[in-house]
Amino acid sequence: MITSGKKVRFKHMLSSLKISGFRCFSSLRVDNMRRINLIVGLNSAGKTCLLEALELLASQSPSPLVHAAARRGELVFDEFASDSVRGTADIRHAFYGRQASIGTHFQIETTGVGNLQQVRAEIVPPTQASLLQNPPVVEGPARSLRWTAGGTPPFDNPIAGNGTLLLTSLPFPSERRPVRFVGTGAVAGTAAARLWGQVAARPAEDKVIDALRIVEPNVERVGAGVYQAQAVFVRLKEASDRIPLGSLGDGMNRLLVLACQLVSAEHGMLLVDEIDTGLHVSAMTKMWRLVVDTAKELDVQVFATTHSDDCLRGLANVLLKSPDLVPEVGLHRVQRGLEQTVFYSGDEIIRSAEAGIEIR
Amino acid sequence: MASTASRSQRQLIVEGPDDEHVVIHVMRKMRPTWDQEPRNWGGFEVKSAGGDTQAIKDFGIAAKAEAGSIGLMLDADDQSGKHVADRWNQVRTTLTQLVQPFPDAIPTEGWIGNTTLGLRVGVWIMPNNQVDGGLEAFLTPFVPAADDSWVFAQTVIEQAKKTYNVPYPAHYAPKARLHTWLAWRKEAGRPYGRAIKCGDLIPNGAVVTQFADWFERLFITDQRGLA
């Protein structure tokens, strides 16, 4: 037998998922995951929790726990936290039932065959090694967050007496895939400029400019520069001077963030909370066209939540025009009290839009 | 504006526009105290799917919803794959993951059940969940009993077949007869729904009473009040 000596090509797409004990999920299964996955459900059904679980699994690292706390406005600023300026996460919120006693754990794993991945977090008593590494400086019961990802050895993170996670020296996962999260909060100024900086002058930059043209067809060039603080600027056709992107409205900033994160997630995963945010109905179909085509081209698996009928209709429009994309798309409804998401195929998304059948 | 309201739908999916208008006008006559606008019967709508196959498919999609009431009304015809038992099997196949246990046969009074997702679902197979005949068999008792031209309409369609070999197929004979009879009313050839509205056809008999009760149980009665 001849073997190429090359590693088998890493299969990036996740096809199913099982979550136990994480945030609002005692147990949840998600099957039939496609390249493009829309997540719907009532308020507080757990749409964002599902995105966070995917982020933890795909990144293999516990640091998204802190990123999630930041997005949710749950950051705890604590004198004992490792970085008291940035704050850290109250680890209890990550567990179902909001308790973090010894033995409490959550687990997020793929199911089925091939490409098996798993992450697990468990509250454990501090080991001798972790006590040496991080001597207890806080009062309260001594605990650690034991993080196990795939085949790597467990890593213990100390937890402060008030339940906050002390992310001192994070393990660096061996196999990292890019995972990008677009939250609901506005990203502008320096943060937007930093995102643009990641793609500027790269081939993917054209896709970002195309995205901005969905709302403003006259965009010719994009650049980052200093305008009091750092900002992203655009030059419009026949305009005499550059103008700040933010002055063109929220939709433009949102598209910049979405497109930059999408192209930066090549061979990885893009997670978008409320993908319709800031976009008018008329832009919805074009937005989906860009997301679906780019995700396919750059091998990105996309998970996006929405509440909007127009957003579904926009996606249905794209599928109607490109029937080859229908098998690449699925919709999952998270429903409180159900241990499995309800799945709708691409065909069903089209029909529900055509016939006005409620699937959200 | 993006519509973001979370709706619990009350929707009756029917095969075609004739079914749609019959249901609306039958219910207006059978429940005259209800508001005349069907949408005010609780956000209710009758939706024509454009064919029996599509109606069953649409029902399958709608029945996966989280809340509300979804009904399906199908015709049972004397044709292969369209008999009452065939229709019931098609519904069973569509709902197999969602309703357990699933009854072996559709009850005479129409079926109402609950999905594991929390939705109320109902099925009515025209005319009466028992025999073939479709919408026309449901409407036949609406023809005033004293009207002898109803008997004559049967003679006419048979004669037309015999003498001129007109092309209506045998299973459409009831349809041909009813349309022929409607062509002789004061305003010739009203469609079924308008014929009910204007009193050419008068809802009458045990079957339409059962239908209206089924409709009310499915869409109007408080869901918690029923098993």
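Modeller: What follows is a close look at one strand, beginning with the chain around it.

This is a predicted model, in which local features need pLDDT of at least 70 and side-chain atom pairs count only at pLDDT 80 or more, while totals for chains, interfaces and linings use all residues. Residues are numbered from 1 along each chain as its sequence is written, chains are lettered from A and ligands numbered from 1 in the order in which they are written, and side-chain values use heavy atoms, with hydrogens and water left out.

Chain B contains eight helices and five strands, where helices (H or I, at least four residues) and strands (E, at least two) are DSSP runs numbered from the N terminus. Read from that end, the order of elements is β-α-β-α-β-α-β-β-α-α-α-α-α. Of the 227 residues of chain B, 47% count as buried, a word that stands for under 20% relative accessible area, with exposed meaning over 50% and partly exposed in between (1.4 Å probe, protein chains only).

The part to look at is strand S5(B), residues 120-126, which is largely enclosed by the rest of the structure because seven of its seven residues are buried.

Which strands pair with S5(B), if pairing asks for at least two bridges found by DSSP? One partner is S3(B), residues 68-75, which runs parallel to S5(B) and is joined to it by seven bridges.

Another partner is S4(B), residues 111-114, which is joined to S5(B) by four bridges and runs antiparallel to it. Here Gly113(B) stands opposite Val121(B) of S5(B). The two strands S4(B) and S5(B) form a hairpin with five residues between them, and in the turn Gly118(B) has a positive phi of about 105°.

Note on methods. Pairing = 2+ DSSP bridges.
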